Amino acid sequence: MSQNLSDQEYYLLRKKKRGRHNRKPMGNEAAKEINLVAMMDVLTILLIFLLKSYSVSAMSIPVGGAISIPLSKQLLNPKEAVKLTITSVNGEEPGVIAVDEDAVIELSPEFLARYQKRLQNGDYSIKELKEALDKKKRLIQAMAKVVDDVVFDGKIMVIADKNTPSWLILSVLGTSAEAEFTQYQLVAVRESQ
Amino acid sequence: MSRKRRHSEEMGEELNLVPYMDIMVNLVLFMLVNITSFLSFTILNTSIPAIGDGGGDDKSLSARVDVESGSYKFVVTQGADKVLVSSVIPKINNEDGEKVYDTQSLLQAATSAKQKYSMGEQILLNMSAKVKYEDLVATMDAVAETKPGLGDLFIEPTLNILWGS
């Protein structure tokens, strides 16, 4: 074939063939040359930011429902404790009092009226809550016998909606004291956020 | 032989980032799903009165804030009934025209009492039954401020309920 073609034509044909032949490998090379470094930078920075946020927001609110936590200027970090949550009593659905993930009491208007009257007569105790806290205390004490790091220190974290009446907070704290949870931490959102 | 060497050198240059990328993408997605909020929380330590409290000696000083429905009342007493400071701080209008507790004036009253008298860090907060938790936290914040030269004002609040106000 080369004999019938001039040198110029032969050269062009070879070039064309080579071009066709090399098209695929050139595509692969282009794919290999995508610069991943910039993407890696973004991902690494995003990961570090998320890890930092994860560490400060390790405290989660264990139950659903309407809750708006008040703001505070304090800078103390929450410590591991039993979580006692009081959701909004003014929402569309009645609020609840929960111990960790378990809703213990539904805050119906009848319940609120009954216990406010009882507190007025000096009776702090909420029976259902005391039973739940006693159960929790026994669970922690049983775990403490098996696991060295676990110890029952009577710490309780109160996560309450900002519109909760203070008599209910006092009633909950009084009941916690009966169940030997006497170190209270009231949870708020840092105002500097 | 030389071809082999060249091939291995090329392989060495091309660091395979794909598995690393896989891990990173999975980690980022996992964290984005798990982080429910970017809010950071804080805590306020408190206590409630124990049975038998109030048995201090006659010369001991104690501070108290009565959070009533319309005002604060800041009181410092010596012993059982000697009142050293008693100031009523009424609610003020905020920018939206709503009546709010005057935490700044309470802070001033607490600061001047702490400057004048040698007192501990305990304070009794007598809350009116219907005062909102939000106001309770704001009051605790105001009396627990740190002042230069005085340190923390009152960082050990004890909560109590005040009926009938």
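## Pairing of strands S2 and S3 in chain B

In this predicted model, strand S2 (residues 61-67) and strand S3 (residues 71-78) of chain B run antiparallel to one another and are joined by seven bridges. Within this pair, Leu61(B) of the one strand lies opposite Gln78(B) of S3(B).

The two strands belong to an open sheet of five strands in chain B, whose order is S4-S3-S2-S7-S10. The pairing across this sheet is mixed. Its edges are formed by strand S4 (82-90) and strand S10 (156-162) of chain B, each of which pairs on one side only. From one strand to the next, the twist averages 20°. In general, strands of a sheet pair through backbone hydrogen bonds, in either a parallel or an antiparallel manner.

## Composition of the two chains

Chain A contains five helices and six strands. Read from the N terminus, its elements follow the order α-α-β-β-β-β-α-α-β-α-β. Of its 193 residues, 28% are classed as buried. Among contacts in chain A with a separation of 6 or more, 68% involve residues 24 or more positions apart.

Chain B has four helices and ten strands, arranged from the N terminus as α-α-β-β-β-β-β-β-α-β-α-β-β-β. It comprises 165 residues, 23% of them buried. For chain B, residues 24 or more positions apart provide 61% of the contacts with a separation of 6 or more.

## Helix packing in chain B

Helix H3 (residues 103-116) and helix H4 (residues 133-143) of chain B have axes that come within 8 Å and cross at roughly 35°. The crossing of H3(B) with H4(B) is right-handed. On the H3(B) side, the contact is made by Thr103(B), Leu106(B), Leu107(B) and Ala110(B), and on the H4(B) side by Ala138(B), Thr139(B), Ala142(B) and Val143(B). In terms of residue class, six of the contributors are nonpolar and two are polar, with no charged residues.

## Interface between chains A and B

Which chain contributes 42 residues to the contact, and which contributes 36? Chain A supplies the 42 and chain B the 36. On the side of chain B that touches chain A, helix H2 (18-34), strand S1 (41-46), H4 and S10 each supply at least two residues. H2(B) gives the largest share of that side, with seven residues. By class, the residues of chain B on this side comprise 25 nonpolar, seven polar and four charged.

Strand pairing also links the chains: strand S6 (residues 183-190) of chain A is joined to S1(B) by six bridges, and the two run antiparallel. In this pairing Ala188(A) faces Thr42(B) of S1(B).

## Nonpolar core

The largest nonpolar core has 65 residues, among which Val158(A), Val172(A) and Val143(B) touch the most other members. Val143(B) is also one of the H4(B) residues in contact with H3(B). Setting aside residues up to four places away in sequence, Val158(A) touches Leu84(A), Val172(A), Tyr184(A), Gln185(A), Leu186(A) and Val187(A).

## Two individual residues

Is Ser88(A) buried or exposed? Ser88(A) is buried, because 20 other C-beta atoms lie within 10 Å. The residue is located in the loop between strand S2 (82-86) and strand S3 (95-99) of chain A. Apart from neighbours within four places in sequence, Ser88(A) is in contact with Ala66(A), Ile67(A), Ser68(A), Gly95(A), Asp161(A) and Asn163(A). Between Ser88(A) and Val42(A) there are 46 residues of sequence separation and a C-alpha to C-alpha distance of 40 Å.

Gly151(B) is placed in strand S9 (residues 151-152) of chain B. Gly151(B) is exposed, because 10 other C-beta atoms lie within 10 Å and the limit for the exposed class is 12 or fewer. Gly151(B) and Lys114(B) are separated by 37 residues in sequence, with their C-alpha atoms 10.0 Å apart in space.

Technical notes. Residues numbered from 1 in each chain as written. Chains lettered and ligands numbered in written order. Predicted model: local features only at pLDDT ≥ 70, side-chain atom pairs only at ≥ 80, totals over all residues. Pairing = 2+ DSSP bridges. Axes fitted to C-alpha atoms, helices over the stretch in contact; angles between N-to-C directions. Left-handed = near helix turned anticlockwise from the far one by under 90°. Contact = placed C-beta atoms within 7 Å. Nonpolar A, V, L, I, M, F, W, Y, C, P; charged D, E, K, R; others polar. Core = buried A, V, L, I, M, F, W, Y, C linked by C-beta atoms within 7 Å.
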